[in-house]
Amino acid sequence: MQTGTVRLRPPRNALDRRAITWWRAQGALVFGPAALVLAVLGLLIPPAAFWLLAPAAVIALLGVAWCAFLPRWWFGLHRWEVTGTAVYVRSGFLWQEWRVAPLSRVQTVDTLRGPLQQRFGLATVTVTTASARGAVKLRGLDARIAADIAEQLTERTDTLLSGVRVAEPPARGEAPDNTATPGDAT
């Protein structure tokens, strides 16, 4: 476990290689049905064949290009890392985003496994923080690694918060206690 200051730096870990196939399946599910529906309609409606088959061919070509090239490119760009002080994520392709979520700001840790992710043995870990930018997502992780990360983050944030005193709400009609004691979180 690393300790020290939190700083922006490239995360060390690549996604699971199965993420490439997962992204390809997502692309096929987006482009495939649209191309198929247009092609079937083009074959069933001869007067509109050109106006339906041409877009079907374009969509099919775009889908093939999308599935062939983009997932490998994305795999090379996406990175993640969890240290003793923060969660680091780098994602995006045209607009790359690097996010650092200090563990002291973590509010919840969730794991998501959609139908395609389950099929490929993958999961997404969502780390919700007290940030206006929203949650940090670690997508395309092996399901077991994702479960381990969620457990580790929960334990680490619980350890960080165990030293924080939570003030009791004031009784009805009493003024709140605004005094701070050593060790209180700010």
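**Before you start**

This is a predicted model, in which local features need pLDDT of at least 70, side-chain atom pairs count only at pLDDT 80 or more, and totals for chains, interfaces and linings use all residues. Residues are numbered from 1 along each chain as its sequence is written, and side-chain values use heavy atoms, with hydrogens and water left out.

**Whole chain**

Colour by secondary structure. The protein has 4 helices and 7 strands. Helices (H or I, at least four residues) and strands (E, at least two) are DSSP runs, numbered from the N terminus. Read from the N terminus, the order is β-α-α-β-β-β-β-α-β-β-α.

Now switch to a surface. Accessible areas come from the Shrake-Rupley method with a 1.4 Å probe; for residues, only the protein chains shown count as cover. Of the 186 residues, 34% are buried. Buried means under 20% relative accessible area, exposed over 50%, and partly exposed in between (1.4 Å probe, protein chains only).

Among contacts with a separation of 6 or more, 53% join residues 24 or more positions apart. A contact means heavy atoms within 4.5 Å.

**Helix 1**

Select 18-44, which is helix 1. Its 27 residues reach 38 Å from first C-alpha to last, close to the 39 Å expected at 1.5 Å a residue. The expected span is 1.5 Å times one less than the number of residues.

Where does helix 1 kink? Go to Phe31: the kink is about 25°, shortly before the proline Pro33. The bend at a residue is the angle between axes fitted to the seven residues ending there and the seven starting there.

Show the buried side chains of helix 1, including Trp22, Trp23, Phe31 and Gly42. The buried residues of this helix pack against helix 2, helix 3, strand 6 and strand 7.

Next, select Leu36, Val37, Val40, Leu41, Leu44 and Ile45. They form a nonpolar surface patch with about 530 Å² of accessible area together. Patches are made of residues with over 30% relative accessible area and no salt bridge; like charges are joined within 9 Å, nonpolar side chains (Val, Leu, Ile, Met, Phe, Trp, Tyr) within 5 Å. Ile45 sits in the loop between helix 1 and helix 2. Ile45 counts as partly exposed, because its relative accessibility is 37%.

**Helix 2**

Stop at Leu70. Helix 2 bends there by about 30°, and the proline Pro71 follows within four residues.

Leu70 and Pro71 are among the buried residues of helix 2, as are Cys67, Trp74 and Phe75. Their cover includes strand 1 (13-14), helix 1, strand 2 (79-82) and strand 3 (86-91).

**Salt bridges**

How many salt bridges does the structure hold? There are 4. A salt bridge is a side-chain nitrogen of Lys or Arg within 4 Å of a carboxyl oxygen of Asp or Glu.

Select Asp16, Arg18 and Asp142, which are linked in a network of salt bridges. The Asp16 to Arg18 distance, N to O, is 2.9 Å. Arg18 also meets Asp142, with the closest N and O atoms 2.3 Å apart. Arg18 lies in helix 1 and Asp142 in strand 7 (residues 136-142), so this pair ties together parts 124 residues apart in sequence. Asp142 is buried at 11% relative accessible area, whereas Arg18 is partly exposed at 31%.

Move to Arg133 and Glu97. Their closest N and O atoms are 2.3 Å apart in a salt bridge. Arg133 is in the loop between strand 6 (122-129) and strand 7, and Glu97 is in strand 4 (residues 97-102), so the pair ties together parts 36 residues apart in sequence. Arg133 is exposed at 59% relative accessibility; Glu97 is partly exposed at 26%.

**Last stops**

Select Gly121, in the loop between helix 3 (115-120) and strand 6. Gly121 is buried at 18% relative accessibility. Leaving out residues up to four places away in sequence, Gly121 touches Arg18, Arg113, Leu141, Asp142 and Ala143.

Finish at Tyr88 in strand 3. Tyr88 is buried, with a relative accessible area of 3%. Draw a distance to Arg12: the two C-alpha atoms are separated by 8.8 Å, though the residues are 76 apart along the chain.
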